[in-house]
Amino acid sequence: MTVAPADQAPETSPPQAPPAPVRWRPGSLEVLTVLLVVVVLLRGQLVRLFTSPAMATWATVFVSIVVQAIPFLVLGVAISALIAVFVPPSFFARALPSRPVLAVPVAGICGVVLPGCECGSVPIAGGLVRRGVTPAAAFAFLLSAPAINPVVLVATAVAFPGRPEMVFARFAASAVTAIVMGWLWLRFGRSEWLRSPSRPDLGGLSKWSAFLASARHDVVHAGGFLVVGGLTAATMNVTIPQHWLSAVAGHEVIAVLALAVLAVLLSICSEADAFVAASLSQFSLTARLAFLVVGPMIDLKLFALQAGTFGRRFAIRFAPATFVVAIAVSVVTGLLLLGGA
Amino acid sequence: MNSLAQSVTLLLLGGVVLRISLADVYLRYVKEGLRPYLIAAGVVLVVVAIATMIRDLRADGPADGPADGLADEAEEHDDGHGHSHRGPSIAWLLTLPVFAIFLVAPPALGSYAAARSGSAAVQRQAEFAPLPHADPVAMTNVDYATRAIWDKGTSLRGRTIRLTGFLSPRPAGGFYLTRILLSCCAADGRPIKIGLDGELPAGLKADDWIQAEGQYTVRQDHNKATRETIVFLTVTSAHPVTPPAEPYE
């Protein structure tokens, strides 16, 4: 009697039970160990690969984008994990207006309170959506927070001395763009585009364990996408010749588009972009405003982070729409506040 | 990537962040002001890595097996089959900055980056305090360029100026004394180039760091297309120096 099941088990269980076939392949930890050993053994060759000035510059820019972003990413992930574990969903239900149309502008303006740059806002927005905040409001927060917080506004004021209208224009254009995008999502957005932010199943864990699980998951996840963005941005940073820019600075319309595209490609932190905009002095203020409004909302690094958090189907729709709305709002704001060209 | 490998990756990442921010290496990539945040972030990463590792090892199950019930692997289950197809497989990329920092430790930006863009515009300034009484007076490239352009050199005349920077080739011949200006990280670095008039010691090449002393001169290079203005210093003495710990301005 005991023989039959014992005979059957080896035949039927391998295809059915998931753990069995896994024994045939190495686990991630083994792969990681082998990878470490290989990299250390090939160290000489790897270092030689980076001796040319172009490759060295590329590596420096890549590393600095990642290093610069890590504190903000960790902060954002920590806040997101705190929200996930310690803030009950009912808090947001009470804090935000129940009508989504009103919740969007409120959430957009709440972006003022998050000091930091864009890398932190993506995981936080993901955490908000998980906590039942209407996605449109979370997106308004996602877009506005990196652009209108005090640190960024002060940096803008320092970079454009004697031009307070630039600070105001940046604040207004960024807030309006964020709110318009929130409303556009309410009107046209479909929930099936949105992969609900993946998350660890926190049920049954203690609060501390849940916090840790959530934090590790988010750092590893968002960090991976940050690396994708950093690789692309470093490549663009090192390959786009600057004299291309000078060639288009004279054309007002093309200049706006050129700087908007540049903001996407360079993926500069929103706390630093004002200084770069200030040094693009051959461009009109409106074109530079477009640079400052587009950059914190959509760039290569952010696209990667958004695709990672909310899904690719979301990102390929949301990103171009953000790009277009940001440019349009910047141009109108520029005409109204910065005296046109 | 399974849970334990994720923790190990985080540990490595936190480790390299701490390693570069406790030494001066981080100054090649970011501003000095970011240091406390880098250290804090590094500590958080290490703590999270170790705490999750302990939790996983205690929890049960073979750590190198598939997800088997470990909470964080929920999304791998979403796939229906297998693991490490999507989701956390992106985590493998996090090993890239670890290797890049740990093995290659890319150098600070130098003459290659400087040659790629024009000298940064300096901010207009209305009033200038007199220079300190030291002789020679050590200045930053930005201060020198700002005074040369917006003060028309008034506060610089009659003084011996000392500038420190690396050499980058001037297309029309000779060298600039260059510093890279950072606002946040090396991705936003912009060069400030000062033209060097007069004799330099023989044998200097691009990317050599020098300390140059000399006088203000009215000579300037103008580039209409980029609206770039490069000011000059008439060098009376110059000698090579070791690169400073903080290579940027």
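Predicted model: local features only at pLDDT ≥ 70, side-chain atom pairs only at ≥ 80, totals over all residues.
## Strands in chain B

Strand 2 and strand 3 (residues 175–181) of chain B run antiparallel to each other and are joined over four bridges. Strands here are DSSP E runs of at least two residues, helices are H or I runs of at least four, and both are numbered from the N terminus; strands pair if DSSP finds at least two bridges between them. B:Ser168 has B:Tyr176 in strand 3 of chain B as its bridge partner. Five residues sit between the strands of this hairpin, and B:Gly173 takes a positive phi near 115°.

Strand 2 of chain B also pairs with strand 5 (residues 209–223) of chain B, again antiparallel, over six bridges.

Residues are numbered from 1 along each chain as its sequence is written, while chains are lettered from A and ligands numbered from 1 in the order in which they are written.

## A parallel pairing

Strand 1 (residues 137–138) of chain B pairs with strand 2 (residues 161–169) of chain B in the parallel sense, over two bridges. B:Val137 faces B:Ile161 here.

## Where the chains meet

Between the chains, 67 residues of chain A are in contact with 71 of chain B, contact being C-beta atoms, placed from the backbone, within 7 Å. On the chain A side, helix 5 gives the largest share, 18 residues.

Notes: Contact = placed C-beta atoms within 7 Å.
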